[in-house]
Amino acid sequence: MTRILKSILFATTVLAPAGLVATGASAQTATLTIESWRNDDLPIWQQKIIPAFEAKNPGIKVTFAPMAPTEYNSAVNAKLEAGTAGDLITCRPFDLSLAMFQKGQLAPLNDLPGISNFSDVGKSAWTTDDGKTTFCVPMASVIHGFIYNKKAFADAGVQIPKTEDEFFAVLEKFKKDGKYIPLAMGTKDQWESATMGYYNIGPNYWKGEDGRKALIAGKEKLTDADWVEPYKTLAKWKPYLGDGFEAQTYPDSQNLFTLGRAAIYPAGSWEIAPFKAQADFEMGAFPPPVKKAGDTCYISDHNDIGIGLNAKGKNLEAAKKFLSWVASPEFADLYANAAPGFFSLNSTPVKMQDALAQEFVSWRQNCKQTIRPSAAIVGRGQPNLDLEMWRVSANVINGTQTPEQAAAETQKGLDSWYKPAK
Amino acid sequence: MSKARSAPVRAAFIHLALIAYTLVALFPVFLTLVNSFKSRSAIFSQPMALPTPSTFSLIGYQTVLSQGNFVGYFQNSLIVTVASIALVLLFGAMAAFALSEYRFRGNTLMGLYLALGIMIPIRLGTVAILQGMVAAGLVNTLTSLILVYTAQGLPLAIFILSEFMRTVSDDLKSAGRIDGLSEYAIFFRLVLPLVRPAMATVAVFTMIPIWNDLWFPLILAPGEGTKTVTLGAQMFIGQFVTNWNAVLSALSLAILPVMVLYVIFSRQLIRGITSGAVK
Amino acid sequence: MSDTEITDIETVPVKRPIRWHIAVFLAPAFLVYTAVMILPLIETLRLSLFNIVEGQLAFVGFNNFKTLFGDPRLSADFWNALRNNVVFFIIHMLVQNPVGIAIAAMLSLPGLRFAAFYRSAIFVPTLLSFVIVGFIWKLILSPIWGIAPSLMDLVGLKWAFAPWLGKAETALIAVSLISVWQYVGIPMMLIYAALLNIPDEVLEAAECDGITGWSQFWKIKLPLILPSIGIVSVLTFVGNFNAFDLIYTVQGALAGPNGSTDILGTLLYRTFFGFQNQMGDRSMGATIAAVMFLIILAGVALYLFVIQRRMRRYQF
């Protein structure tokens, strides 16, 4: 045993310096590292985006280093504090990135060439409260709605529902036919219930930006009818979900739908690319149904992803070059088409090839856009409103909490720290 | 040695119980392996079925082997795991020996101090550890991981080993001292061989969290040259899309080396006991 | 800390010369452990006495602890996590350890065939990564893909199936049992080693006295392996109150449904590192960590100073 120990010890003392040498020798050309949570996009960056940039900028090499999304926030924070983070940091929207900027970890980008390619709305998720400083280049937004199985709709002989009554009629029809699970959604992972449920259908009730701003101003409360009603509608989804939906995870829902066993999938536009790759049937999409025919429709069009500059990075100049390229129409076109469902925030319109993506983006013409209500300002305290809404939305659908209780709980949590500016 | 006179009925019952539990233990593992050889839709449509010609697919393994340098990742994981185990065993046994063998002032306090580490997850010290590694120039080296895992494994190793060392016969050690053996010789030549089973147990316990750890590789050594298997497999778990084929394949592959290490150590465990040195 | 202790040895009038070897034996472990583990942890725990006041990190004494136990929401979260953790621990003590001991007892019977195979097979789950354990059990218990439902159907128990992981009443038990499944190997190995360590002479003497089978296990073996059972219990205690990964992979960082599987480890992780749109709160996280540390310390101290002292140790 001791002989084994000794030889192992010897082996490691020899091998360890070898590791040191290997990492010490890579600082000749400027190498940029992008920290990201978008594991999903690895091939897109490696095969399309980075080669396009490197071809134009010899002397700069770019590495896309994604990690598991659940680890991203904590890992990047630890690395930023210790000074080992990459040069470019992918930005979560709103308060998380704002906190990084306030700590001096992200650099201001007001004078970055190309940042003017974005409207104030596009930049809103990565701009200080006073609207003066922008600290990330906006990359994309995501839109909520419902994706449906065209074959299932044809089988059942139903049309796209425009109003809520029609929506439930369609669900009822599928339930009666019994061939398809009407709605592919579970409550196990909680976030689906809020993100694809409450945030998806809610804007039609609280009237998008009007309601969201009134909530921030303290003029409306989460216990008001406009905010409780979407929970009531969600509670009515329960009979149309699959058996044992309480233990149905997010990948379960995705698979149920793409394997053709469910008719309608409450969705975010990010599903477009993976669904296209996996489903062997035609898919369509419709926006959240309005209450009465003729009502104004509202959609959640949420700024989701940006990219910022590590203020303590080693290659600031090269990194800025990369960022202004990200702000260019060329990048917008590349990214929007490589990752359909992530819609460019660039003011220059992007032509998208994907029909389903076009469908989603066409709603912008008739419907008013808003962002998720828990994202900005009311989302920066404890308890975190976003996570609270995940939890109660799941409870409401599970039937373990009434809509009124759910609303009261979230409002109570908000009251405990949030004082609207007068 | 044994009289091997167990009644056949009793033996049958014992085998029945053990087989039943073995099935419980292995069934999920079997499912993992089976599903790693199937296409995505087959994983979810018939998770229990064996791969048939129509559902058989090596897509997961192909993805794993084409994405990133998995052979290199395996090497990194092995180096880190084996080196950390070796250090934990050596340092841990030495400290445990000192604590269990000698009476000196502060013995209990020292024992308690060294046991503190099993009470707080080391993960909490992440930021300070990372800063320390930056200062020492060890970021993105396997050495940094080995240091962290050694520190992480020591408290438990010392705790278990000193417990076992107390059962080593005093007569044997006294005899050694009378023969003029140095304290080091007593430790390395007399005591260490006797606690081999305990060392093997500690090795197995130390190995598992190290091999499966995701956090420290992510923070301390995320570079391509120092990635470990677990971190590499994590690449396939995305925000919205999880490539289950690749995850299952990568992790199925990752089971093999730990199995081999485990078999080596458990051999040690048995051989140490049956060699009869003690009795 | 120990430098003083070790130098103490020199100043203490002892019969023998200065015992440098004690320092040599302790030094490597002490140094690595102190530098890489204790100092960083102290750095973190120190934060439990600090908090951000008007944008600056300031010393606040025990205010964080007051907040943790005084704030209705935080204290509710904490007590909920502690209660769940106790249940988690009890299930391990009642299921994992007895099963582990039983298997070890059967495996250690002389002349048992295939013992090595059983031992290795039963240990395999312990070797698995949490990612696999989480994935495969979610798949088995899933009401949609139906491994558990169809298996239960085979034995006519389909009616008893429920989406256990998704129900607040059953989720904690289900997750605990998954954890038991994964870790049964550890008590099994430790007890097995202890049982093999019992000298044959003792057992032969017992057999001469006509003590065999069950009564041999209860009267002879069990008392001899009590110290090992003590270690196993304390390890289970420490492991359970530090547990995190399994709940995190099976139920997510929110430990749903409705916080019903939240244990101290997941609460700590969420608070310290943050999750999704919730920002990490180092001070509050460190406070929870300090409380967890005290809980575990109390348990271990109870073992070391009360239980272990009363236990007889046998030297063979």
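Before the first stop, a working definition: two residues are in contact if their C-beta atoms, placed from the backbone, lie within 7 Å. Keep in mind, too, that this is a predicted model.

Now select chain C. Among its contacts between residues at least 6 apart in sequence, 66% join residues at least 24 apart. You'll find 14 helices and four strands here, and the C-alpha trace spans about 80 × 75 × 30 Å along its principal axes. Of the 316 residues in chain C, 47% are buried.

Next, bring chain A into view alongside chain C. The two meet through 25 residues of chain C and 33 of chain A. On the chain C side, pick out α6 (130-141) and β4 (278-279), each of which supplies at least two of the residues touching chain A. Colour that side by class and you get twelve nonpolar, ten polar and three charged residues.

Stay with chain A and colour by pLDDT. The average is 90, with 93% of the residues scoring at least 70.

Last stop: helix α15 of chain A, residues 329-338. Which residues are buried here? Select F331(A), A332(A), Y335(A) and A336(A). They sit on the same side of α15(A) because they cover an arc of only 120 degrees around the axis. To see what covers them, show α2 (42-56), β4 (136-149), α14 (316-326) and β9 (343-344) of chain A, which are included in that cover.

Definitions and conventions. Residues are numbered from 1 along each chain as its sequence is written. Chains are lettered from A and ligands numbered from 1 in the order in which they are written. This is a predicted model: local features need pLDDT of at least 70, side-chain atom pairs count only at pLDDT 80 or more; totals for chains, interfaces and linings use all residues. Ala, Val, Leu, Ile, Met, Phe, Trp, Tyr, Cys and Pro count as nonpolar, Asp, Glu, Lys and Arg as charged, and the others, Gly among them, as polar. A residue is buried if 20 or more other C-beta atoms lie within 10 Å of its own, exposed if 12 or fewer, and partly exposed in between; C-beta atoms are placed from the backbone. pLDDT is the predictor's confidence in each residue, from 0 to 100. The arc is that of the directions from the helix axis to the C-beta atoms.
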